[in-house]
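Thanks for coming. Please have the sequence and the model open while I talk.

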Amino acid sequence: MSGPLTATALPRSDLPLPCGPGLFAEQGLPELPRGRGRNRPTRSADAHACADSVRGARLRRERAWPACADLGGFDLPEVVADPQRQSLLRINDWPEWPGSLAVNPYRGCPLACPGCPVGHSDVLHAKLSAADSLREELRQPRYQVRPIQLGSAAEAYPPAERQLRLTRAILSLLNTCGHPLILVTRSPGVVRDLDLLSRLAERGLVQVMISLCSLDEARRGRWEPRAAAPAQRLAAMRLLARAGVPVGLFLAPLAADEPDDGWMALLQAARRHGASQLRVRSSVRDAQRDERIASKALELGLSQAPLTLPTEHFDPRALQIDRPAGPRQSSLF
């Protein structure tokens, strides 16, 4: 079993993932610092300073990635590049956040949760140009800003994200242009991106939902066998809350045979760890139980009200970059 979510429970940075060469190439490195006048450093000194800065930032992010986000003792899926010939933006069909859009930098989910409409895949398709594609779509004149849900059709933080950083690139893009975001995940790996999430939170632009189904290990093992242990996801929830990031509990799936004291204990644990929002997805509709959950949530201070994120911060001008014209992808807008 994976260890607790602590700074000492760190993955090795030299573990290879089963994918083709060049898939982990560094992208988007910062420009070299420029000095002025007679004291301007040489280009060689600039290059060394830039490389040291990049290595230091990457090392800090690697250390923030918890070992419990790497599927424990399960085999990692094969990672292949997705050709991504269609629009990255999709209309979100999740009833919990009506009117939102959906973005998924990965296709295929390694968590193997029974009953999940996405299903289990032994191959993870990585959309390597996801951030660039999203940038182009958000710049379309007809685009009307709506919250984007990240991770609606596949886990946004699979083990490959530790090195590919596709989700992080999208978070950085949304932070740059001030776009509202809903992030749903079962992975404690989300804590790696606390820096970006806290910047979005300063403007009220983000809501993170940690997905959990039960505190009982036997039930958890049946419904989400490859996900991190509940205690580790609750620890991630606490770190997010302490960093000022609005975090909530996505109770999914709520099994028909889950006793009342089971989901009550989960709601209480989530509230203790900083959750302020609650969404529930039941495997079987039960109106009376839904009423009991709503009453308990109200008692604990867990809001089930419709989520409203501001859109006035969105600035498409921040997405302008100088690049040669290339082939355009089909866009939703």
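Tyr143 is buried, with a relative accessible area of 8%. Buried here means under 20% relative accessible area, exposed means over 50%, and partly exposed is in between, with a 1.4 Å probe and protein chains only. Phe314 also counts as buried, at 15% relative accessibility.

Before I go on, the sources. This is a predicted model, where local features need pLDDT of at least 70 and side-chain atom pairs count only at pLDDT 80 or more, while totals for chains, interfaces and linings use all residues. Residues are numbered from 1 along each chain as its sequence is written, and side-chain values use heavy atoms, with hydrogens and water left out.

Now the rings. There are four aromatic pairs in the structure. Rings of Phe, Tyr and Trp (for Trp the six-membered ring) pair if their centres lie within 6.5 Å; planes under 30 degrees apart count as stacked, over 60 as edge-to-face, and the rest as tilted. Tyr143 and Phe314 make an edge-to-face pair, with 5.8 Å from centre to centre and 70° between the planes. Tyr143 sits in the loop between helix H2 (130–138) and strand S6 (148–150), and Phe314 in the segment after H9, so the pair ties together parts 171 residues apart in sequence. Helices (H or I, at least four residues) and strands (E, at least two) are DSSP runs, numbered from the N terminus.

Ring pairs also link Trp94, Trp97 and Phe250 into a cluster. Arg281 lies over the face of Trp94, at 4.5 Å from the ring centre. A charge sits over a ring if NZ of Lys or CZ of Arg is within 6 Å of the ring centre and within 35 degrees of the ring normal.

Next, the sheet. It is open, has seven strands in the order S2-S3-S6-S7-S8-S9-S10, and its pairing is mixed. Strands S2 (90–91) and S10 (277–282) stand at the edges with a single partner strand each, so one side of each has no neighbour in the sheet. Two strands pair if DSSP finds at least two bridges between them. S8 (residues 206–212) and S9 (residues 247–254) pair in the parallel sense over five bridges, and Met209 has Gly248 in S9 as its bridge partner.

Last, helix H4. Which residues of H4 are buried? Among them are Leu166, Arg168 and Cys177. Nine of the 12 residues of H4 are buried, so the helix is largely enclosed by the rest of the structure. Just after H4, Gly178 takes a positive phi of about 70°.
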